Amino acid sequence: MTDDLDAAILRVLAVDARATYAQIGQQVALSAPAVKRRVDRMRDDGVIRGFTVRLDPAALGWQTEAFVEIYCQGSTSPATMRAAVEQYPEVVAASTVTGDVDLVVQVRARDMRHLEQVVERLVAEPFVSRTRSTVVLSALVRRPDVMP
């Protein structure tokens with residue numbers, strides 16, 4: 001379980017995973033060795049699964065984003081859905097959801113034509129009966145995975 005100091009460390013790492021233990025310590029009022037011990041413990045406990053870079057998809061040429069609702073035929077298992085959508089590099093997130101729709105995927109594409117091609121491929125999956133897409137106009141809030 002994490003405490004307030006762990007949460008503060010996680011917030012610093014979420015903004016800059018390359019921050020040194022000393023830099024983190026200055027922001028959370030701990031020594032560098034104390035920060036390291038806490039980070040090591042959180043890694044051991046599975047709270048921290050890894051360190052990564054945050055990319056700007058638009059700067060890399062991926063200018064179009066959409067949420068695609070997928071309606072499945074019959075009873076399709078989450079494992080089947082996962083196996084299908086994991087094959088698409090354009091799918092950046094996928095979740096089973098409640099309600100009429102079975103699966104919602106977040107898709108990033110170079111442009112509208114690329115998005116159309118991805119949706120066409122998704123519709124061709126054997127378990128998909130239909131899709132409904134919502135194109136993102138502006139991403140207003142994007143937060144790293146960190147406790148509030």
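No aromatic pairs are found in this structure: the count is zero. The model described here is a predicted one. The charged end of R110 is placed over the ring of W62, at 6.0 Å from the ring's centre. R130, in turn, lies over the face of Y71, and here the distance to the ring centre is 3.8 Å.

Four strands form an open sheet in the order β2-β3-β1-β4, and their pairing is antiparallel. The edges are taken by β2 and β4 (128-135), each of which has a single partner strand, so one side of each has no neighbour in the sheet. From one strand to the next, the twist averages 20 degrees.

The pairings of β3 can be followed residue by residue. Strand β2 (residues 91-96) is joined to strand β3 (residues 103-109) by five bridges, and the two run antiparallel. Within this part of the sheet, A94 stands opposite V105 of β3. The hairpin of β2 and β3 has six residues between the strands, and in this hairpin G99 adopts a positive phi near 100 degrees. Strand β3 is also joined to strand β1 (residues 64-72), this time through seven bridges, again with an antiparallel run. E65 has R108 in β3 as its bridge partner.

Helices accompany the sheet. Helix α5 (residues 112-123) packs on the sheet and touches β1, β3 and β4, with a direction that makes about 155 degrees with that of β4. Helix α4 (residues 78-85) lies across β1, β2 and β3, and runs at about 170 degrees to β2.

Two further helices pack against each other. Helix α1 (residues 4-15) meets helix α3 (residues 32-44) at an angle of about 85 degrees, and their axes are 11 Å apart. Angles of 65 to 115 degrees count as roughly perpendicular, and α1 and α3 are therefore roughly perpendicular to each other. On the side of α1, the contact is made by L5, D6, I9, L10 and L13, while α3 contributes V35, R38, V39, R41 and M42.

Conventions. Residues numbered from 1 in each chain as written. Predicted model: local features only at pLDDT ≥ 70, side-chain atom pairs only at ≥ 80, totals over all residues. Heavy atoms only, no water. Axes fitted to C-alpha atoms, helices over the stretch in contact; angles between N-to-C directions. Parallel < 35°, antiparallel > 145°, perpendicular 65-115°, else oblique. Contact = heavy atoms within 4.5 Å. Phe/Tyr/Trp six-rings, centres within 6.5 Å; stacked < 30°, edge-to-face > 60°. Lys NZ or Arg CZ within 6 Å of the ring centre and 35° of its normal. Pairing = 2+ DSSP bridges.
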